[in-house]
There are 2 protein chains.
Amino acid sequence: MAKRIVGTTPKEDGYRMPAEFERQTGCWMIWPERNDNWRGGAKPAQEVFANVAKAIARFEKMTVAASPAQYQNARARLPEEIRVVEMVSDDAWIRDCGPTFVIDGKGGLRAVDWEFNAWGGLVDGLYFPWANDDQIARKVCEIEGVDSYRTEGFVLEGGSIHVDGEGTVMTTEMCLLSEGRNPGKSREEIEAMLCSYLGCEKVLWIKDGIDPNETNGHIDDVACFTAPGEAACIWTDDPENPFYREAQEAYKTLSEATDAKGRRLKIHKLCLTKKPCLLEGAATIDAVEGTLPREDGEISIASYMNFLIVNGAVILPQYGDENDALAVSQVQEMFPDREIVGVLTREVAFGGGNIHCITQQQPAPRS
Amino acid sequence: MAKRIVGTTPKEDGYRMPAEFERQTGCWMIWPERNDNWRGGAKPAQEVFANVAKAIARFEKMTVAASPAQYQNARARLPEEIRVVEMVSDDAWIRDCGPTFVIDGKGGLRAVDWEFNAWGGLVDGLYFPWANDDQIARKVCEIEGVDSYRTEGFVLEGGSIHVDGEGTVMTTEMCLLSEGRNPGKSREEIEAMLCSYLGCEKVLWIKDGIDPNETNGHIDDVACFTAPGEAACIWTDDPENPFYREAQEAYKTLSEATDAKGRRLKIHKLCLTKKPCLLEGAATIDAVEGTLPREDGEISIASYMNFLIVNGAVILPQYGDENDALAVSQVQEMFPDREIVGVLTREVAFGGGNIHCITQQQPAPRS
């Protein structure tokens, strides 16, 4: 049912990754349980993940993958309209380890199963082993009966790319040119891979992301496409903001860029939090030998940009910050026809990401 | 997506279990791995299960559930057209722990999720714990998006019943009236449960099955319906055959029975093996404290009756016995329009069952 496609690429076969704002059939998440990443035995994170899943399930079919140990708990804590399937993982970041779905405009749906190495492998990855995560894409495809392309020898996480569905992909140099992913590959080779597997013609490079020590600067904390010819970018004019330089530079780069269709992009500014989101409750995170203990007061990466677009809505992180309402109104302006659903997700930020990182949309085939 | 239906029964809701010979959309199996049941680290069993899965996959969609530990091995040893999904279990008998699907003739498909206690629980069950097995039906239903009825407090295995799809269910007293399942329930109460959950009006009781020490005499080693008004029954006229008495009695009972529609059943005789199937290689079965070690020469239950009907075919156990060919020809006469596909399954008999025990068909909804 779900075959490995060998010897061709999505582009050669007429497939492209659709933009997130195109029609979806559903969405996937992984249930968090890792006590050495999530504080409080992962219980607060589970509550927030459930809230995110419920928010999405208002708009489309939602599936949550849970390990055998957590299956019954996940099933009990999620409403019945959310499907729960069994799947082991190494943590809960399906944006990065899950499949990138591609469509062909003739009713076809396939997926790219990128090699995954926990954001940098043995160079600067965040955990070892990552073998379960690296099988997530395949297992999702098996359940859905979707054929997949495996990029053996080419490492990529879904959070490091955004596409406009019309030939353009944006990414960051900090991540895609990092030592821990594809060190043997030149910038041109990486561009060729992106274009071949995402069905694109042009790569927009932004220099830096805002979390060099975690994902090596994933694009999905910095910018995204909001419509053909339009993008959103984080923005602050407060030089004291820890992400001031990165935001200014990304905005400048995108403002000067043209997309694959030759359009100058219209850029929407999206605020950052007024105050940094600082880790609390670090003492309840399990200790692991060989890693530095985490401490209260560490900055957690809390970007409003890490939202998820679903059918008819945008699921937007809220942090209990003074700028929460501003972020809602700015995102509403970018997506005038969608409902903006804020979900309080400080807990996900404490774990290293946000709504976009913990979700993976499954686009609708088109014909 | 997959809800629990509470407060009604399938019969009340207009659902019935279709006969196995009705149209199916697919079939499910569980990948074996339990080294204390299967000899040789379960490797010979895995090969034979794969052969059974391949035989079925010629005729309909096939899904195999494998534990995380065996997922990659199962995926590698099964052809790509067979779907592999992750699911922990306590062994590999999805006939008994899986869902019993029911349909309503209006396009509806639901399932009964019987309570499972490993063939007798703490009275005379075959292993402990069985908590993973008891979740299999629910997990299958989740993947398929099928609503289910849970019979909390009522224990039943799928191998202990056969239906004709027209109001009749057959079973054995040895199993359904056993102490290890529903000891508090009268024969009448059990009949009422069967009729309510299978959408039947009449229960045909056969006294004994042929494996009192394993499943307490499941019907699926003894008899089955082959068409409306027709059944097959094991048969031997050799008084030395270890199952002579049971076969004679079952045949007599069925020959004298009428079904829910008042029809006298036409009974097809199905031979037994000429020689008993004796366990070999017992020394390679892992020892478990507290259970008697198994020994070479023990009789394995090897019934030709334990076949599976699929779309256009019957998948029939073969044992390397002198009567293998006779069984094929007898089953061909019962099913003149179906291909009879023999698969050598001594290995499954060594583990305690056969093709019917390790499969669970998913009927096609009708409207």
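These are my notebook entries on a predicted model with chains A and B.

**Ground rules.** I'm counting residues from 1 along each chain as its sequence is written, with chains lettered from A and ligands numbered from 1 in the order in which they are written. Since the model is predicted, local features need pLDDT of at least 70 and side-chain atom pairs count only at pLDDT 80 or more, while totals for chains, interfaces and linings use all residues.

**Helix α6, chain A.** Buried means 20 or more other C-beta atoms within 10 Å of the residue's own, with C-beta atoms placed from the backbone. Among the buried ones I noted A:Lys139, A:Cys141 and A:Glu142. Just after α6, A:Gly145 takes a positive phi of about 70°.

**A:Arg75.** I found this residue in helix α2 of chain A, residues 71-77. A:Arg75 counts as buried because 21 other C-beta atoms lie within 10 Å. I also checked A:Arg75 against A:Met305: they are 230 residues apart in sequence and 30 Å apart in space, C-alpha to C-alpha.

**The two copies.** I laid chain B on chain A: a turn of 180° and a shift of 0.0 Å along the axis give an RMSD of 0.0 Å (least squares on C-alpha atoms of residues with pLDDT of at least 70 in both). That is how a two-fold axis relates copies. In chain B, the C-alpha of B:Glu86 comes closest to the rotation axis, at 3.0 Å.

Notes
A residue is buried if 20 or more other C-beta atoms lie within 10 Å of its own, exposed if 12 or fewer, and partly exposed in between; C-beta atoms are placed from the backbone. Helices (H or I, at least four residues) and strands (E, at least two) are DSSP runs, numbered from the N terminus.
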